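I am opening a notebook on a structure that is new to me. The entries below record what I looked up, in the order I looked.

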Amino acid sequence: MSPSSFSNKNMRIHATIADAASWYCAIVLLGLILFGSIRGSTSSSSSSSSFADEYSVKGSQLLDTPCEEIYVVREGETLHTISDKCGDPYIVEQNPHIHDPDDVFPGLVIKITPKPRKLLR
């Protein structure tokens with residue numbers, strides 16, 4: 001047996017092992033993704049009552065919703081209502097693309113500094 005044929009055979013064995021290992025990793029990753037999506041869909045339907053218990057609700061308006069750093073303006077909101085809701089009085093200063101504070105429309109993306117969430121009990 002020549003050294004080159006031994007090297008080619010050894011290389012094919014390593015390639016086969018690497019191929020099998022990559023398929024194994026892909027199947028495990030796919031299983032984890034599917035498990036997470038199934039688990040997430042079942043927990044979101046059962047947690048609707050605990051969500052209402054966690055936040056104070058007045059009518060149909062959520063009073064203490066968490067504000068993320070990137071905020072998308074919804075219909076009927078103004079910078080004043082967003083500022084009150086999120087506790088950030090400097091929205092205009094942090095968003096140079098807002099030239100007129102009265103010209104706010106649904107879908108406008110703004111940067112805010114969210115206030116720390118307080119736990120309601």
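**Entry 1: the annotated span.** I began with the record: an unreviewed UniProt entry annotates residues 20-38 as "transmembrane region". UniProt positions follow the numbering used here, feature names are shortened, and annotations may be inferred rather than shown by experiment.

**Entry 2: ground rules.** I noted that this is a predicted model, in which local features need pLDDT of at least 70, side-chain atom pairs count only at pLDDT 80 or more, and totals for chains, interfaces and linings use all residues. Residues are numbered from 1 along each chain as its sequence is written, and side-chain values use heavy atoms, with hydrogens and water left out.

**Entry 3: confidence.** I looked up pLDDT, the predictor's confidence in each residue, from 0 to 100. The chain has a mean pLDDT of 76, and 66% of its residues reach 70 or more. Confidence is lowest in helix α2 (residues 48-54), with a mean of 45, and highest in β4, at 92. Residues 44-63 have pLDDT below 50, and beyond near neighbours in sequence this stretch has 14 contacts in the model. Contact here means heavy atoms within 4.5 Å.

**Entry 4: the overall layout.** I counted elements next: the chain has 4 helices and 4 strands. Helices (H or I, at least four residues) and strands (E, at least two) are DSSP runs, numbered from the N terminus. Along the sequence they follow the pattern α-α-β-β-β-α-α-β. Among contacts between residues at least 6 apart in sequence, 55% join residues at least 24 apart. The accessible surface of the chain is about 9600 Å², and 62% of that belongs to carbon and sulfur atoms. Accessible areas come from the Shrake-Rupley method with a 1.4 Å probe; for residues, only the protein chains shown count as cover.

**Entry 5: burial and helix α3.** I checked how much is buried (under 20% relative accessible area; exposed is over 50%, partly exposed in between; 1.4 Å probe, protein chains only). Of the 121 residues of the chain, 17% count as buried. Helix α3 covers residues 79-86, and its buried residues are Leu79, Ile82, Ser83, Lys85 and Cys86. Seen down the axis of α3, these fall within an arc of 165 degrees, so they line one face of the helix. The arc is that of the directions from the helix axis to the C-beta atoms. The cover over them includes β3 (70-72), α4 (91-94) and β4 (109-111). On the face of α3 turned away from the buried side I found the exposed residues His80 and Asp84. His80 has a relative accessible area of 56%, and its C-alpha atom is separated by 9.1 Å from that of Pro101, 21 residues apart along the chain. Just after α3, Gly87 takes a positive phi of about 70 degrees.

**Entry 6: the core.** Which residues make up the largest nonpolar core? There are 12 residues in all, among them Tyr71, Leu79, Ile91, Val104 and Ile110. α3 gives the most to this core, with 3 residues. Such a core is a set of buried Ala, Val, Leu, Ile, Met, Phe, Trp, Tyr and Cys residues joined through side-chain atoms within 4.5 Å. Not counting residues up to four places away in sequence, Leu79 touches Ile91, Val92, Ile98, Pro101, Val104 and Ile110.

**Entry 7: two loop residues.** Is Cys67 buried or exposed? Cys67, in the loop between β2 and β3, counts as buried at 11% relative accessibility. Leaving aside neighbours within four places in sequence, Cys67 is in contact with Lys85, Cys86, Ile112 and Pro114. Cys67 and Pro114 are 5.5 Å apart, C-alpha to C-alpha, and 47 residues apart in sequence. Glu69 lies in the loop between β2 (61-62) and β3, and is partly exposed at 46%. With neighbours within four places set aside, Glu69 is in contact with Ile110, Lys111, Ile112 and Pro114.
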